[in-house]
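Walk through this model with the coordinates open.

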Amino acid sequence: MISLHFTTRLPGFTLEAECDLPGDGFTAVLGPSGCGKSTLAGGIAGLVKPASGTISVNGRVFRSDDPCIDLPVESRGIGFVFQSHRLFPHLTVRENLLFGKRFGGRRTAVDQDRLIEVLGIAHLLSRRPDTLSGGESQRINLSTSLGSNLVGSLYILDEPSIGLHPRDTNRLVGVLEQLRDIGNTVIVVEHEEEVIRAADWIVDIGPEAGYNGGEVVFSGPLKALLKEKKSLTADYLTGRCKIAVPTSRRSPAAWITVKGARQNNLKNIDVRIPLGVMTCITGVSGSGKSSLAKGILYPALRRLLFDT
């Protein structure tokens with residue numbers, strides 16, 4: 001059992017955490033952006049110091065407002081993955097993965113070769129990080145981190161689904177469930193519905209963001225969350241609240257035409273992009289979305305508008 005009974009104060013924000021989490025299984029931490037989810041995760045990981053109160057695992061306090069009680073970092077057995085994690089730019093993907101494995105210490109929880117297969121990154125091993133898309137980078141980060149951590153540990157992941165296509169999110173859920181099934185505790189800060197619905201336990205932080213957040217609105221299984229009337233997350237999961245689809249669409253004012261685009265995974269494509277409207281570029285991770293937007297379209301427009 002993980003017991004959270006602490007308060008953390010940050011500039012303009014206070015988080016008051018009073019709840020118990022299962023000592024095993026897969027827990028998702030939910031809530032609006034800015035409500036305190038990452039602060040809660042940082043508190044569990046020992047990265048955010050409580051202003052008052054304690055954090056304990058199976059009755060053993062490892063973090064508190066009393067520095068004499070804090071356990072040393074090396075004694076906590078906690079792996080933590082940030083969404084802002086960066087790869088070494090001068091190494092290839094293969095070398096980044098080997099670096100993480102070399103310094104992993106005890107035996108790995110999930111075999112890294114299996115992770116490479118599940119996350120679909122075998123074709124990226126010879127590439128350098130600066131040539132990867134956002135989704136590809138995130139999958140490499142996950143493989144590096146999850147393939148080099150420990151068995152029997154508490155894993156805390158902060159929005160691991162960022163940048164992933166739904167196909168890859170499904171793969172991610174499979175890896176998280178595997179980590180749980182071999183005896184680890186997994187806590188995930190998330191917005192992605194598929195990850196939320198796969199969790200064994202839900203902690204909903206809110207009720208809103210900023211000054212109006214910082215409270216535990218709900219703690220329990222998904223079935224009970226869906227009945228919670230004070231949860232914005234439950235409102236959208238059940239359909240009580242919806243994002244309205246526009247009843248009419250704007251007409252393009254003009255068009256940008258890209259011809260013969262070739263970069264990374266783009267293979268001599270032609271594409272027209274409308275102006276004066278909102279355009280979404282979508283596709284599976286690594287299909288060429290970032291290459292088109294950041295590698296071709298933006299530099300071309302910058303040259304045209306500012307460098308002439």
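Predicted model: local features only at pLDDT ≥ 70, side-chain atom pairs only at ≥ 80, totals over all residues.

Strand β7 spans residues 154-158, and strand β8 spans residues 185-189. The two run parallel and are joined by five bridges. Between the two strands the chain passes through helix α5, residues 166-181. This β-α-β crossover is right-handed.

Now look at the cover over β7. Five of its five residues are buried, so the strand is mostly covered, with buried meaning under 20% relative accessible area. Side chains in a regular strand alternate between the two faces of the sheet. In β7, L154, I156 and D158 point one way. Y155 and L157 point the other way. Both sets are buried. Note that D158 is among these buried residues.

Next comes the loop that leaves β7. I162 lies in this loop, between β7 and α5. I162 has a relative accessible area of 38%, so it counts as partly exposed, between the 20% and 50% cut-offs. I162 and E190 are 28 residues apart in sequence. In space, their C-alpha atoms are 8.9 Å apart.

Follow helix α5 to R180. Which residues does R180 bridge to? One partner is D181, with the closest N and O atoms 2.9 Å apart. Another is D200, where the closest N and O atoms are 3.2 Å apart. The R180 and D200 pair links distant parts of the chain, 20 residues apart. R180 sits in helix α5, while D200 sits in the loop between α6 (193-198) and β9 (201-206). Together, R180, D181 and D200 are linked in a network of salt bridges.

D181 counts as exposed because its relative accessibility of 56% is over the 50% cut-off. D200 is partly exposed because its value of 37% falls between the cut-offs.

Move on to R240. R240 forms a salt bridge with D235, and their closest N and O atoms are 2.9 Å apart. Is each end buried or partly exposed? R240 is partly exposed, at 35% relative accessibility. D235 is buried, with a relative accessible area of 12%. A search of the whole structure finds four salt bridges.

Helix α8, residues 232-238, also holds Y236. With a relative accessible area of 46%, Y236 is partly exposed.

Finally, step back to the whole chain. It has nine helices and twelve strands. Of its 308 residues, 45% count as buried. The accessible surface comes to about 16200 Å², and 54% of that belongs to carbon and sulfur atoms. How far along the sequence do the contacts reach? Among contacts between residues at least 6 apart in sequence, 60% join residues at least 24 apart.

Terms used: Residues numbered from 1 in each chain as written. Heavy atoms only, no water. Helix = DSSP H or I, 4+ residues; strand = E, 2+ residues; numbered from the N terminus. Buried < 20%, exposed > 50% of the residue type's maximum accessible area, 1.4 Å probe, protein only. Pairing = 2+ DSSP bridges. Right-handed = clockwise from strand over helix to strand, strands pointing away. Contact = heavy atoms within 4.5 Å. Areas by Shrake-Rupley, 256 points an atom, 1.4 Å probe, with all protein chains shown as cover. Salt bridge = Lys/Arg side-chain N within 4 Å of Asp/Glu carboxyl O.
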